Amino acid sequence: MQNDPELNGKYLGTISRDFVVVAETLREASYQVRKRQISKYPIFVFSRTEVPIGSLFLAKEELALEWHIYASYLEDFIKHRLVDSEKIDDFVAAYKDPDEFCCLFVVDGENFTNFVFIPFPED
């Protein structure tokens, strides 16, 4: 579950631009998911098109973003077989502190999906 080097060049710029705009909103959503004990592992799906993963949280048109943002969590990814039940321990081990990092699942068509952890801006 390491960041794919391809992500850095091809996607990281546009994701970072959008992330800066929504970082505090995602931080609060992550906190609420954990506080309400929905999951210890919130995941935000960044996709240029609509996807059937999680719930639409921020449509790209709302804030002039390049990516739609969906709210989800580990248990939903397991249910939809995006994280294999035999790989749960690996996912949990790779998952970074959600108070400091945002877990993103980047989807670009059917050809590219990847997890990436982006640090929240410091206050």
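The secondary structure of this chain comes to four helices and five strands, where helices (H or I, at least four residues) and strands (E, at least two) are DSSP runs, numbered from the N terminus. This is a predicted model, in which local features need pLDDT of at least 70 and side-chain atom pairs count only at pLDDT 80 or more, while totals for chains, interfaces and linings use all residues. Residues are numbered from 1 along each chain as its sequence is written, and side-chain values use heavy atoms, with hydrogens and water left out.

Of the 123 residues in the chain, 41% are buried, and here buried means under 20% relative accessible area, exposed means over 50%, and partly exposed lies in between, with a 1.4 Å probe and protein chains only.

Let me turn to the sheet. In what order do its five strands lie? The order is β2-β3-β1-β4-β5, in an open sheet with mixed pairing, and two strands are said to pair if DSSP finds at least two bridges between them. The edge strands are β2 (55–58) and β5 (112–119), each of which pairs on one side only, and the twist from one strand to the next averages 35°. Helix α2, residues 12–35, packs on this sheet and touches β1, β2, β3 (68–73), β4 and β5, with its direction at about 150° to that of β1. A contact means heavy atoms within 4.5 Å, and the angles run from 0 to 180 degrees between N-to-C directions, using axes that are lines fitted to C-alpha atoms, for helices over the stretch in contact.

Strands of a sheet pair through backbone hydrogen bonds, either parallel or antiparallel. Strand β1 (residues 42–47) runs parallel to β4 (residues 101–108), to which four bridges join it, and it pairs with β3 in the antiparallel sense over six bridges. On the β4 side, phenylalanine 46 stands opposite valine 106 and serine 47 has valine 107 as its bridge partner, whereas isoleucine 43 stands opposite serine 72 in β3.

Why is β1 described as largely enclosed by the rest of the structure? Six of its six residues are buried, so that description applies. Pro42, Phe44 and Phe46 point one way from β1, while Ile43, Val45 and Ser47 point the other way.

Next, please find histidine 68, which lies in strand β3. Histidine 68 counts as buried because its relative accessible area is 6%, and its contacts, not counting residues up to four places away in sequence, include Val45, Phe46 and Ser47, as well as Leu56 and Leu58. A polar atom of the histidine 68 side chain lies 3.2 Å from the backbone nitrogen of lysine 60.

I will finish with two loop residues. Alanine 64, in the loop between β2 and β3, has a positive phi of about 55° although it is not a glycine, and alanine 64 is exposed, with a relative accessible area of 71%. Arginine 81, in the loop between α3 (74–79) and α4 (88–94), has a positive phi of about 60° and is not a glycine either, and arginine 81 counts as exposed at 75% relative accessibility.

Definitions and conventions. Polar contact = N/O pair within 3.5 Å; in protein donor to acceptor, adjacent residues only side chain to side chain.
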